[in-house]
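Dear colleague,

Please find below the sequence and structure that I am handing over to you. A summary of what was found follows them.

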Amino acid sequence: SSHLMLNDSTSTNTCSSSLAMMHGIRGLTITAGFALLMSTDATSDAFEWAGVFEMPKSHYMWTSQKVDGKYADASMKIVAIPVASATESALLGVEADGNAALGLACTEVHHAGVITPANGKCYKLLFHPKVWQSLFKIDASSAAAVAFFAQHVPTEFEATAHYLKDASGEDVEPAAELPKPVSQETSDEDKPWGDAIGASIIVNLMTLVGVILAIPAVMKAAAANIDAFRGILHGFSAGCILAAAVFLLMFESTHLVAAGWTKEVDVLWRWGTCILAGFVLPSVVDCIASALVPVDNEGGNDGCDEETKKTSPNSRIRILAGVLIGDFFHNFCDGIFIGAAFKGCGKSFGWTVTLSTVLHELPQELADYFIMTGPGAGLGPVLALVLNFVSGMSVVLGAIIVLASDPADSSVGILLAFGAGTYLHIGAVECMPKIYEAKLSAALRVACIVAFIVGTILIGLILLDHEHCVPAASTGASGGGGHDHR
């Protein structure tokens, strides 16, 4: 009996010990799991966005605006850490500090308050509920560059103005961001190569529109009224080419060149110099042609009528070089814009840009063909079409370059300005004087001016729905964007 009781006691103690051990293990498991969960939370990013900026000036302005009548949040934690330079490595170097600082007690800053960059300091921006935007001054007098770590993405608080501006109101873009913008991580497989190249080829086919003038009926009608035909088409050509230079090339180049430099004088002299360089280029080509192929003036002008003079070798080279070089740069930049539209803004936007490009290419390429087959250049129809097609292939080159890389907007702007200058020379120097020739009657001159106006209107109508998209990735922003002329 006593042996039985001993066994029962032993069995009970063993069961109690086992239960105690199981409860202990369970408790340790729960504790370990909770600790692991806490440690996972502790190592996760406390910021939703981070960016590093060059700050050579003393003061900047952080802007948060209401979107659709309200702020994305009533407040936002932000950390501003001074760094030696505005680089991705500098941003990554203080990432842990930014995370840690956001977990500290934050100093509340109200509308019109001041943020002073400092390591280990957290600010809580309190947005004014009764105003449409809240402004916070940044004192960067003791920092060459500043890394910001924010609770929210600052673009969530953008309605009409960029979130960071300098004292003169210019936008300040980040040199690097965390997480990296999606556009920076796009693989070659994700790029719209097929659409962009296909659209570029369609645009290049517009260079063959001059074949219309090779139709016998059209040529017969032109031969019967040769003076009127030449004068009117020269007026039309001048209108199209000058309008393309002023409305498209020069306008696009102004803001694109400005993307590379902040001072107005730096933008202006580069933009103006490129236009003037493009304008004088045909004259330089003429001088070189004159040196290589001198004109024989011996014996006066006997046997040489006006048409023969116009077709002298150096004059032909000058005209052809002006048309083909101007067309090359114009189509090259069109290709860049088409590639940028597809790459940064999607297929729908890209095809919209392609359509507008095709429409403004039609009259322009017709004008180019007429100039090259006219008495000034004297090319045959087939050769003119071939040369025009070859120069127009730069549209495909432009699309390939922008898809394979990200050329700076300022570089694109310089190319546009140069092409605009060349087109100004062709329109004003080569085409317009033809409508003032003495053999044209007053009525024909009026008709030439009307043709000029029609050419400008035809290009101008395209501007009603003409858009060029420049992906914001090329300027440092994180999303796509564009501008239009509507």
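In what follows, a residue is called buried under 20% relative accessible area, exposed over 50%, and partly exposed in between (1.4 Å probe, protein chains only). The model is a predicted one: local features need pLDDT of at least 70, side-chain atom pairs count only at pLDDT 80 or more, and totals for chains, interfaces and linings use all residues. Residues are numbered from 1 along each chain as its sequence is written, and side-chain values use heavy atoms, with hydrogens and water left out.

Overall composition

The protein has 486 residues, of which 43% are buried. Its secondary structure comprises 14 helices and 12 strands; these are DSSP runs numbered from the N terminus (helices: H or I, at least four residues; strands: E, at least two). Where a contact (heavy atoms within 4.5 Å) joins residues at least 6 apart in sequence, the separation is at least 24 in 80% of cases.

The nonpolar patch

Val382 belongs to helix H11, residues 381-392. Val382 is exposed, because its relative accessible area is 63%. Together with Val386, Val390 and Met393, Val382 makes a nonpolar surface patch of about 370 Å². Patches are made of residues with over 30% relative accessible area and no salt bridge; like charges are joined within 9 Å, and nonpolar side chains (Val, Leu, Ile, Met, Phe, Trp, Tyr) within 5 Å. A salt bridge is a side-chain nitrogen of Lys or Arg within 4 Å of a carboxyl oxygen of Asp or Glu.

Four strands form an open sheet in the order S5-S7-S2-S9, with mixed pairing. Strands S5 (114-115) and S9 (164-166) are the edge strands, each pairing on one side only. Two strands count as paired if DSSP finds at least two bridges between them. Strand S2 (residues 59-65) runs antiparallel to S9 and is joined to it by 3 bridges, and Trp62 has Leu164 as its bridge partner in S9.

Met61 is also in strand S2 and is partly exposed, at 30% relative accessible area. Beyond residues up to four places away in sequence, Met61 touches Leu135, Phe136, Lys137, Tyr163, Leu164 and Lys165. Between Met61 and His162 the C-alpha to C-alpha distance is 10.0 Å, across 101 residues of sequence.

The enclosed strand S8

Strand S8 (residues 145-150) is largely enclosed by the rest of the structure, because 6 of its 6 residues are buried. In a regular strand, side chains alternate between the two faces of the sheet. In S8 both faces are covered, with Ala145, Ala147 and Phe149 buried on one side and Val146, Phe148 and Ala150 buried on the other. Strand S1 (residues 49-54) runs antiparallel to S8 with 6 bridges, and Trp49 is the bridge partner of Ala150. Strand S3 (residues 75-83) is likewise antiparallel to S8, with 6 bridges; here Val79 has Phe149 as its partner.

Ser253

Ser253 is in helix H6, residues 226-258, and is buried, with a relative accessible area of 0%. The side chain of Ser253 makes a polar contact of 2.7 Å with the side chain of Trp271. A polar contact is a pair of N or O atoms within 3.5 Å; within protein, one must be able to donate a hydrogen and the other to accept it, and residues adjacent in sequence count only if both atoms are side-chain atoms. A polar atom of the Ser253 side chain also lies 2.8 Å from the backbone oxygen of Met250. Apart from neighbours within four places in sequence, Ser253 is in contact with Trp271, Gly413, Leu416 and Ala417.

With kind regards

Methods: Accessible areas come from the Shrake-Rupley method with a 1.4 Å probe; for residues, only the protein chains shown count as cover.
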